[in-house]
Amino acid sequence: MWRFFKPSLRNIFSTNIRMSSEQLGELGKGAGKGGGGGGAIREAGGAFGKRQAVEEEMYFKKKEQEQIAALRRHHQEEINHHQKEIERIQEEISRHEGKIRQLKKHDGD
C-alpha cells in the first residue's frame, strides 16, 4: 500500500510509527515493557511520570492528526488534478467531434 503514496508522504508516515500501547505498560508507572526506560521522570513514576505520559500521548495524537490532515490534502489535490484532466480530455473529445462533423458536412457537399 505504501508504494502508492508519493515519497514525501511515505516518509511522514513511516518515520512516525509509534509503539503500540501493549509495549508501554501502564502510562506514568515507570519503564515500559519494551526494555529501556522512558527517561528519568517516566522511570520514577508518580505524578510527574503520569503528566509526561499524558503529554506524550497528546503529542502523538497531534502528530497523527497532522498526518491525517496531510493525507486528506494530498487526496484532495489528486482529486482536483484528475478533475482537470477529465475536463481537458472532454474538451479534446468535443474538438474531435467538431472535426468529424465538419468532415461529414464536407462529404455531403
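This is a predicted model: local features need pLDDT of at least 70, side-chain atom pairs count only at pLDDT 80 or more; totals for chains, interfaces and linings use all residues.
1. **Overall make-up.** The protein contains 4 helices and 0 strands. In sequence order the pattern reads α-α-α-α. The chain has 109 residues, and 13% of them count as buried. The accessible surface is about 9100 Å². Carbon and sulfur atoms supply 55% of that surface.

2. **Helix H4.** This helix covers residues 46–108, which makes 63 residues. From first C-alpha to last, H4 spans 92 Å. At 1.5 Å a residue, 93 Å would be expected, so the value in the model is close to that figure. Which residues of H4 are buried? They are Gly-49, Ala-53, Gln-67, Ala-70, His-74 and Gly-98. Each of them therefore falls under the cut-off of 20% relative accessible area.

3. **The annotated stretch.** UniProt, in an unreviewed entry, lists residues 72–106 as "coiled-coil region". In the model this span is 100% helix and 0% strand. Its end C-alpha atoms are 51 Å apart. The label itself comes from the record, and that annotation may be inferred rather than shown by experiment.

4. **The aromatic pair.** Searching the whole structure gives 1 aromatic pair. Its members are Tyr-59 and Phe-60, with ring centres 5.2 Å apart. The ring planes stand at 80°, so the geometry is edge-to-face. The cut-off for that class is over 60 degrees.

5. **Salt bridges, in general.** The whole structure holds 4 salt bridges. Side chains of opposite charge can pair when their charged atoms come close. Spacing along a helix matters here. An α-helix has 3.6 residues a turn, so residues three or four places apart point the same way.

6. **Arg-51 with Glu-55.** The closest N and O atoms of this salt bridge are 3.2 Å apart. Both residues belong to H4 and sit 4 residues apart, about one turn of the helix. Arg-51 is exposed, because its relative accessible area of 52% is over the 50% cut-off. Glu-55 is partly exposed at 41%.

7. **Lys-63 with Glu-66.** How far apart are the closest N and O atoms of this salt bridge? They are 3.8 Å apart, and the cut-off is 4 Å. Lys-63 and Glu-66 both lie in H4, with a spacing of 3 residues, about one turn of the helix. Lys-63 is partly exposed, with a relative accessible area of 28%. Glu-66 is also partly exposed, at 38%.

8. **Arg-95 with Glu-92.** These side chains meet in a salt bridge of 2.7 Å, N to O. The two residues are 3 residues apart in H4, so about one helical turn separates them. Arg-95 is partly exposed, with a relative accessible area of 39%. Glu-92 counts as partly exposed at 31%.

Technical notes:
Residues are numbered from 1 along each chain as its sequence is written. Side-chain values use heavy atoms; hydrogens and water are left out. Buried means under 20% relative accessible area, exposed over 50%, partly exposed in between (1.4 Å probe, protein chains only). Accessible areas come from the Shrake-Rupley method with a 1.4 Å probe; for residues, only the protein chains shown count as cover. Rings of Phe, Tyr and Trp (its six-membered ring) pair if their centres lie within 6.5 Å; planes under 30 degrees apart count as stacked, over 60 as edge-to-face and the rest as tilted.
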